[in-house]
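Here are my notes on the model, as numbered points. Please read them with the structure open.

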Amino acid sequence: MAADCIFCRMVQDRSLMPYWIAESDRALAFLDIHPIRTGHTLVIPKSHAVDLAGITDADWADVAGLSARVLNILRRRLGTTGENLFVASGPGSEQSVPHLHVHVVPRTAGDDLHFTDWWATKQTSPTPTDLAALAKKIRVGPGP
Ligand SMILES: [Zn+2]
C-alpha cells in the first residue's frame, strides 16, 4: 500500500468506496465518479501498482478477469451490448491516478461516444518498409 494513494486508501477503508460493484481475490471494481457512460466502472488491483510496467502477472490476470466479469454484469443489468476498456499506463499516457485502473466503459450501438471517429483522426499510414524496420527493432525472439 502507498500511504498517499487514494485507491490504496479505498482498498483499506471501504467507507471511502461507496460505489463498490464487485471484487475478486486481487481486484476491486467500483463506479467512476465522473462517468463518460452510465455504468462506467473502474477495476483496480488491491495491491499498489502504479502502472502496467509494475504490476505482477497474477494481479493483472485478476484485474483482467474482474473486468470481464464486470462487463458481463453491465450487459445483463444495464442492457449494454459492448464496451471499451481503457488503461492509461505511465507518465506519458495522461494517467490521472498513479494506481493502475482499467476503465470499463459500457456501450450500446449508436451511442454518442463515436470512438471510431476520433480514432480515424489519429491513424497514420507508415510504409511496409517502415513497419518492418519497427517490428525488427521491437521484436522479442526470432519471429515466424
Ligand atoms: Zn495505490
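**Notes on the fold**

1. Start with the buried side of α2. Asp59, Asp62, Val63, Leu66, Ser67, Val70, Leu71 and Leu74 are buried in this helix. They pack against β1, β2, β3, β4 and β5. In an α-helix, residues three or four places apart point the same way, because there are 3.6 residues a turn. Keep in mind throughout that this is a predicted model.

2. α2 has 22 residues and reaches 31 Å from first C-alpha to last. That is close to the 32 Å expected at 1.5 Å a residue. Just after α2, Gly79 takes a positive phi of about 75 degrees.

3. Now the whole chain. The protein chain has four helices and five strands. From the N terminus on, the elements run α-β-β-β-α-β-β-α-α. The C-alpha trace spans about 55 × 40 × 25 Å along its principal axes. Of the 144 residues in the protein chain, 23% are buried. Take the contacts between residues at least 6 apart in sequence: 57% of them join residues at least 24 apart.

4. What is the strand order of the sheet? The order is β1-β2-β3-β5-β4, in an open sheet of five strands with antiparallel pairing. The edge strands are β1 (20–23) and β4 (82–87), each pairing on one side only. From one strand to the next, the twist averages 20 degrees. Helix α2 (residues 57–78) packs on the sheet and touches β1, β2, β3 (41–45), β4 and β5 (102–107). The direction of α2 makes about 20 degrees with that of β5.

5. Three residues join β1 to β2 in a hairpin. β1 and β2 (residues 27–31) pair in the antiparallel sense over three bridges. Within this pairing, Trp20 stands opposite Phe30 in β2, and Ala22 stands opposite Ala29 in β2.

6. Next, the core. The largest nonpolar core has 21 residues. Which of them touch the most other members? They are Ala27, Ala29, Val43, Ile44 and Val70. The elements giving two or more residues to this core are α1 (6–12), β2, β3, α2 and β5. The largest share, five residues, comes from α2. As a general rule, nonpolar side chains tend to be buried together in soluble globular proteins.

7. Val70 is worth a separate look. It is one of the buried residues of α2. Val70 touches Ile21, Ala22, Ala29, Thr41, Val43 and Val104, leaving aside residues up to four places away in sequence. Ala29 and Val43, in turn, are among the core residues that touch the most other members.

8. Finally, Ile55. Where does Ile55 lie? It lies in the loop between β3 and α2. Is Ile55 buried or partly exposed? Ile55 counts as partly exposed because it has 19 C-beta neighbours inside 10 Å, and a buried residue needs 20 or more. Ile55 touches Pro45, Ala49, Trp60 and Leu100, again leaving aside residues up to four places away in sequence. The C-alpha atoms of Ile55 and Ala27 are separated by 12 Å, with the two residues 28 apart along the chain.

Technical notes
Residues are numbered from 1 along each chain as its sequence is written. This is a predicted model: local features need pLDDT of at least 70, side-chain atom pairs count only at pLDDT 80 or more; totals for chains, interfaces and linings use all residues. Two strands pair if DSSP finds at least two bridges between them. Axes are lines fitted to C-alpha atoms, for helices over the stretch in contact, and angles run from 0 to 180 degrees between N-to-C directions. Two residues are in contact if their C-beta atoms, placed from the backbone, lie within 7 Å. A nonpolar core is a set of buried Ala, Val, Leu, Ile, Met, Phe, Trp, Tyr and Cys residues joined through C-beta atoms within 7 Å. A residue is buried if 20 or more other C-beta atoms lie within 10 Å of its own, exposed if 12 or fewer, and partly exposed in between; C-beta atoms are placed from the backbone. The expected span of a helix is 1.5 Å times one less than its number of residues.
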